[in-house]
Amino acid sequence: NDGTNYSEAVDYTITGIEPGAGITVTTEKAIEEYENLSGWTLETSSTAAMVTALEEAISNEEPIIVTGWNPHWKFAKFPDLKYLDDPKGIYGEAENINTLAKNGLQDEKPNAYKLLDQFEWDVEDMEEIMYESQDTGDSIDEVAQRWVDDNRDKVDAWLEGVEDVDGVEVELASTPWDSERASSSVLKIAMEEKGFNVTVTPVDVAAVFQAVGSGDVDATAAAWLPFTHADFYEKVKDSVEDLGPNLEGAKIGIVVPSYMDIDSIEDLKP
Ligand code: PBE
């Protein structure tokens, strides 16, 4: 590259997000597996703090190394970001966001189960809500309602064959990221059209999996699989039912501004 020792410039530190995130666990694995990252630090704080650090670095054209993922609006706001190649495949390949139900939900609440099972949309749909909320300052819930109004064909497909109910309670566990706030929000709106009374509780990833596994909640639409949340899923897999992807084409990894002249995690000097 141009000779800059990026590793030294970032003080051998990756700017991470919340300590409880799947991507945090995976990045700790990456630091163990890549010899050139031995002794590096993953600094955890929050997604908001990571985005602020990224914004500052980009405005000063300074090097920064962050944990990043799609779908997320940072790639729209900062078009010059790139993923570093991950030759060891620590961050996995094709990643999806799955819906998980507690065991027995189909018998207990068959119409809720059917709707949850039929819920699926595309990366572009989720991004539309995240970008619009970010641009306008309107809440995810407000933008999600507009999205539902504008995308009747998709929403009607989720509702197909689902009978109306009279206030059946459904509890969904979710995570605090915009991606899952968007999916939980459209799901809640769609379910309430059929007469369900839906509560969405955003908690840590570990708590999401525990809650569905123990049957404390009915379901979650926030499971990043097969890689990001693999360790969490493994612990509860016998007590949950995997309803498959509600979104295909998610991704996580190490992200840097494209003015950094490196392409791979292995290009980082030890
Ligand atoms: N994320 C966004 C989460 C899931 C959704 C990739 C930051 C994580 O657990 O890492």
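These legends go with a handful of close-up views of the structure shown above.

This is a predicted model, where local features need pLDDT of at least 70, side-chain atom pairs count only at pLDDT 80 or more, and totals for chains, interfaces and linings use all residues. Residues are numbered from 1 along each chain as its sequence is written, and side-chain values use heavy atoms, with hydrogens and water left out.

View 1. Now for some polar contacts, meaning pairs of N or O atoms within 3.5 Å. Gly22 has a backbone N or O atom 2.7 Å from an oxygen atom of the ligand. For Ile23, a backbone N or O atom sits 2.8 Å from an oxygen atom of the ligand. His229 uses its side chain instead of its backbone: a polar atom there lies 2.7 Å from a ligand oxygen atom.

**View 2. Helix H8 crosses helix H10**. Helices here are DSSP runs (H or I, at least four residues), strands are E runs of at least two, and both are numbered from the N terminus. H8 covers residues 140–150 and H10 covers residues 178–193; their axes come within 9 Å and cross at roughly 55°. An axis is a line fitted to C-alpha atoms, for helices over the stretch in contact, and angles run from 0 to 180 degrees between N-to-C directions. The two helices are therefore oblique to each other; the label is for angles that are not under 35 degrees (roughly parallel), over 145 (roughly antiparallel) or 65 to 115 (roughly perpendicular). On the H8 side, look for Ile140, Asp141, Ala144, Gln145, Trp147 and Val148, which meet Asp178, Arg181, Ala182, Ser185, Val186, Ile189 and Glu193 in H10. Contact means heavy atoms within 4.5 Å. By class, this contact of H8 with H10 has seven nonpolar, two polar and four charged residues. Ala, Val, Leu, Ile, Met, Phe, Trp, Tyr, Cys and Pro count as nonpolar, Asp, Glu, Lys and Arg as charged, and the others, Gly among them, as polar.

**View 3. Helix H6 also packs with H10**. H6 (residues 110–118) makes an angle of about 140° with H10, and their axes are 11 Å apart. H6 and H10 are therefore oblique to each other. Ala112, Leu115 and Leu116 in H6 meet Leu187, Ala190 and Met191 in H10. The classes here are six nonpolar, no polar and no charged.

**View 4. H8 meets helix H9**. H9 spans residues 152–159, and it packs with H8 at an angle of about 90°, axes 5 Å apart. That makes H8 roughly perpendicular to H9. From H8 come Trp147, Val148, Asp149 and Asp150, and from H9 come Arg152, Lys154, Val155 and Trp158. Their contact divides into four nonpolar, no polar and four charged residues.

Terms used: A polar contact is a pair of N or O atoms within 3.5 Å; within protein, one must be able to donate a hydrogen and the other to accept it, and residues adjacent in sequence count only if both atoms are side-chain atoms.
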